[in-house]
Amino acid sequence: MSIVAKSKRKQELKDVQRMPLNTPTDLKPEATRDVAAAMNALLADVFTLYLKTKNFHWHLSGPHFRDYHLMFDEQGDQIFAMADPIAERVRKIGGSTIKSIGHIARLQRVLDNDADYVDPEDMLAELGEDNKTLTARLREAHNVCDEHRDFATTSLIEIWIDESERRTWFLFEASRREMTSGH
C-alpha cells in the first residue's frame with residue numbers, strides 16, 4: 001500500500017471514529033437505507049404485537065383462561081425475542097433504529113386494541129390476523145434484504161416467518177369450535 005493510500009485510509013478511519021453511529025459495512029448506502037427502513041417498520045410492528053399479545057394475556061377471562069393465558073404468554077415472549085435481533089441487525093449494517101414509543105407509533109402498521117373488554121374468541125381472531133399479516137410483512141422485508149444481498153438478515157427473517165406461521169396456526173386451531181376429523 002502506498003504512503004498516499006495509507007494516509008487516506010488513516011483519515012477515513014478518523015472520520016468513522018468522529019461519527020459514533022456510523023458502523024462500517026460493505027453494503028451500499030441505499031441498501032443500508034432500504035433494509036433499515038424495512039426492519040424498523042418490522043420492529044415497530046413487533047413491539048405493537050408484543051404489547052397487544054400481553055394486553056390480551058393480562059385481560060383474558062373465560063372457560064379457556066388457563067390455556068389461552070399460557071399461550072399468549074408464550075407467544076408474547078417469542079415476539080419480544082425478535083426485537084433485539086432486529087434492532088441490532090439495523091445497527092450492524094450501519095443504520096439507526098427506533099428510539100421511542102412515539103417513533104414506534106409513527107411506524108407501526110399493527111393496530112392497537114385499547115378496548116376495555118375483548119371476547120376471548122375475538123382475541124384469538126385478532127392476534128391470528130395480526131400474526132398472519134406480520135408473516136406477510138416479514139416476507140416483504142425478506143425481499144428487500146435479498147435484493148440487496150443482505151443474507152444475514154434474510155436468514156433471521158426466515159426463522160421469524162416460521163415462528164409467526166406457527167403462532168397463526170395455534171391461534172387458528174384454538175379458535176375452532178367444531179371437532180373435525182382433520183382430513
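This is a predicted model: local features need pLDDT of at least 70, side-chain atom pairs count only at pLDDT 80 or more; totals for chains, interfaces and linings use all residues.
How do H2 and H5 lie relative to each other? Their axes come within 10 Å and cross at roughly 165 degrees. Angles over 145 degrees count as roughly antiparallel, so that makes H2 roughly antiparallel to H5.

Who's touching whom? On the H2 side you've got Asp34, Val35, Ala38, Met39, Leu42, Asp45, Leu49, Lys52, Thr53 and Phe56. They meet a set of H5 residues that includes Met123, Leu127, Asp130, Leu134, Arg137, Leu138 and Val144. Sort the contact of H2 with H5 by class and you get 13 nonpolar, 2 polar and 6 charged residues.

A quick word on H5 itself. It has 28 residues, which should span 40 Å at 1.5 Å a residue, and its end C-alpha atoms are 40 Å apart, so the two agree. After H5 comes Arg149, with a positive phi near 60 degrees.

Okay, on to H3, residues 65-92. H3 also has 28 residues, and from its first C-alpha to its last it reaches 41 Å, close to the expected 40 Å. What follows H3 is Gly94, and there phi is positive again, near 95 degrees.

Which residues of H3 are buried? Going along the helix: Tyr68, Met71, Phe72, Gln75, Gly76, Ile79, Met82, Ala83, Ile86, Ala87, Arg89 and Val90. And what covers them?

H6 is the partner I'd like to look at next. H3 and H6 pack at about 165 degrees, their axes 11 Å apart, and they are therefore roughly antiparallel to each other. Their crossing is left-handed.

For the contact itself, H3 brings in residues including Tyr68, Met71, Phe72, Gln75, Ile79, Met82, Ile86 and Arg89, and those names are on the buried list as well.

How values were computed:
Residues are numbered from 1 along each chain as its sequence is written. Side-chain values use heavy atoms; hydrogens and water are left out. Helices (H or I, at least four residues) and strands (E, at least two) are DSSP runs, numbered from the N terminus. The expected span of a helix is 1.5 Å times one less than its number of residues. Buried means under 20% relative accessible area, exposed over 50%, partly exposed in between (1.4 Å probe, protein chains only). Axes are lines fitted to C-alpha atoms, for helices over the stretch in contact, and angles run from 0 to 180 degrees between N-to-C directions. Angles under 35 degrees count as roughly parallel, over 145 as roughly antiparallel, 65 to 115 as roughly perpendicular and the rest as oblique. A crossing is left-handed if the near helix is turned anticlockwise from the far one by less than a right angle, and right-handed if clockwise. Contact means heavy atoms within 4.5 Å. Ala, Val, Leu, Ile, Met, Phe, Trp, Tyr, Cys and Pro count as nonpolar, Asp, Glu, Lys and Arg as charged, and the others, Gly among them, as polar.
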